[in-house]
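Okay, thanks for coming, everyone.

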Amino acid sequence: MATDSWAQAVDEQEAAADSIGGLTLKEKPEANGTAAIATDSSSAAAKSEVQEEKKPADEDDKDDKAAQSLLNKLIRSNLVSNTNQVEVLQKDPNSPLYSVKSFEELRLKPQLLNGVYGMGFNRPSKIQETALPMMLAEPPQNLIAQSQSGTGKTAAFVLAMLSHVEPNNKYPQCLCVSPTYELALQTGKVIEQMGKQYEEVKLVYAIRGNKLPRGTKLHEQIVIGTPGTMLDWCSKFKFIDPKKIKVFVLDEADVMIATQGHQDQSIRIQRMLPENCQMLLFSATFEETVLNFAQRIVPEPNIIKLKREEETLDTIKQYYVLCNSREEKFQALCNIYGAITIAQAMVFCHTRKTAGWLAGELSREGHQVALLSGEMQVEQRAAVIDRFRNGKEKVLVTTNVCARGIDVEQVSVVINFDLPVDRDGNPDNETYLHRIGRTGRFGKRGLAINMVDSKSSMNILNRIQEHFSKNIEKLDTDDLDEIEKIAS
Ligand SMILES: Nc1ncnc2c1ncn2[C@@H]1O[C@H](COP(=O)(O)OP(=O)(O)OP(=O)(O)O)[C@@H](O)[C@H]1O
């Protein structure tokens, strides 16, 4: 199949995914697409929250001064840009930007602190450490933030939303826009877990298939969804009063702008929001187009941006394997499986046809394989991802539909059975980064193996190496010792 027509087909399918009507929601948003976040808020926790709020202003001033002086020290010692691996570019050098060392220091509400610890988080990641103080500052700051895949961006903006919500106000106050149905559900789950002890706060999913009666006025404080439905709920159906929104989050901005229509819909939502609404935009990659879009949608932002060479994580080891045909690539894959223990793997193919063929071959070899591709209905896709996440299958073979955002902790190996290229046959660096970012989540070690089967794919690989200033080593998959070594 020709590259152009395939790539186009997948893109169109992705764009269409948001507009598939009539899907029924299963367990995870509950029957009406609403989820209660919480159950168990203790009165002690509630009291300490009140005390926190009543803290005298001069104490706040002291804290701010201390924080500012810490920040100045960090900047002087160049720690912010070096050890933190993030480059903080601030619009206003005097803005209260400070780095913190523990979740306690972020002054989270007690219920949220419990939620964070309940998820097993001990310390904030760099992006959380850097972005949260800006997001929680008063008045709230706008933010455009980049951080590598799997470094805790979702958790960061979920905490920001939950911190700003006023639970007694029974109307939407936070909107979070995700590029796909699957990512909206995934983020919803994080909100539910993080806000477990915040029982008054509720969340609703603005996704196709969650059909509400006309005239509905939402009581949930947080709405998470895809751009098309979110826009309809704000403008056409008026389920949401956009003028009451305090926080607007745009997640995976790079994916958003790559999907036809989403950029426009996001901008239209943003224009309905009040001027003092906090705008937060997150992405793992920031090509110029993404940055331009980000700056259109987020006025006067603080910007956290990575240097190019920091985009790939050192915790993910990258290799390539030379082959001559897809059969040889399959054999190489079997050799890798024969030599190392793989918790779970994701294998990316260029076309649905190759993905289908490969899934069949792997099953015949006795692997438990899941196949995910763009022609599936969104609800089927969510079910496949769920099964994989629960470990029912050990290998997920997919096209680009699954390259971005999906968080499955156990993925220890990513295989690019075909290297990612754009419609013109050039390397698709963003997709490469997103694909390999399915492993090495939050500091875990990961392995990314690229199959190279022609001169032109070697050329693509070389250009990817150049782009990220990263050396991708050759691996001989006939040498079992060598394979074993890379996994040690
Ligand atoms: N402070 C923390 N401590 C421990 N684990 C964390 C922390 N923050 C996030 N995680 C976990 O790390 C994983 C990745 O986090 P998350 O999905 O928020 O990353 P991300 O940057 O949004 O990734 P992507 O760019 O792929 O969307 C998740 O499983 C999450 O539960």
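So, E300 sits in the loop between α11 (288-297) and β9 (302-305); helices here are DSSP runs of H or I with at least four residues, strands are E runs of at least two, and both are numbered from the N terminus. The phi of E300 is near 40 degrees, which is positive in a residue other than glycine. Most residues other than glycine have a negative phi, and most peptide bonds are trans. E300 counts as exposed because it has 10 C-beta neighbours inside 10 Å. The cut-offs, with C-beta atoms placed from the backbone: 20 or more other C-beta atoms within 10 Å is buried, 12 or fewer is exposed, and in between is partly exposed.

S469 also has a positive phi, about 45 degrees, and is not a glycine. You'll find S469 in the loop between α16 and β16 (473-474), and with 12 C-beta neighbours inside 10 Å, S469 counts as exposed. Then there's a cis peptide bond from E138 to P139, omega near -5 degrees. P139 is in the loop between α5 (126-136) and β3 (143-146).

Some housekeeping. This is a predicted model, so local features need pLDDT of at least 70, side-chain atom pairs count only at pLDDT 80 or more, and totals for chains, interfaces and linings use all residues. Residue numbers start from 1 along each chain as its sequence is written.

How confident is the predictor in the chain? The mean pLDDT (per-residue confidence, 0 to 100) is 78, and 79% of the residues reach 70 or more. Helix α2 (residues 43-54) is lowest, at a mean of 29, and strand β4 (residues 174-177) is highest, at 98. Over residues 1-99 the pLDDT is below 50, yet that stretch has 141 contacts in the model beyond near neighbours in sequence. A contact means C-beta atoms, placed from the backbone, within 7 Å. For the complex, ipTM is 0.98 and pTM is 0.75.

Now the domains. The assignment gives domain 1 (63-306) and domain 2 (316-487), with bounds from an automatic or database domain assignment. Their centres, over C-alpha atoms, are 30 Å apart, and 16 residues of domain 1 contact 15 of domain 2. On the domain 1 side, α7 (181-194) and α9 each supply at least two of the touching residues, with α7 giving the most, 5 residues.

Where does the ligand lie? Both domains give residues to its shell, so the ligand lies between them. The shell has 19 residues, and F121, G152, K153, T154 and F442 are the closest; near means a C-beta atom, placed from the backbone, within 6 Å. Helix α6 (residues 153-164) gives the most to that shell, with 3 residues.

L280's contacts include M135, F157 and V249.

Last one: is helix α15 (residues 429-436) enclosed or open? 7 of its 8 residues are buried, so α15 is largely enclosed by the rest of the structure. What covers those buried residues includes β10 (316-322), β14 (411-416) and α16 (455-468).

Conventions:
Contact = placed C-beta atoms within 7 Å. pLDDT = per-residue confidence, 0-100. Lists of a residue's contacts leave out its neighbours within four places in sequence.
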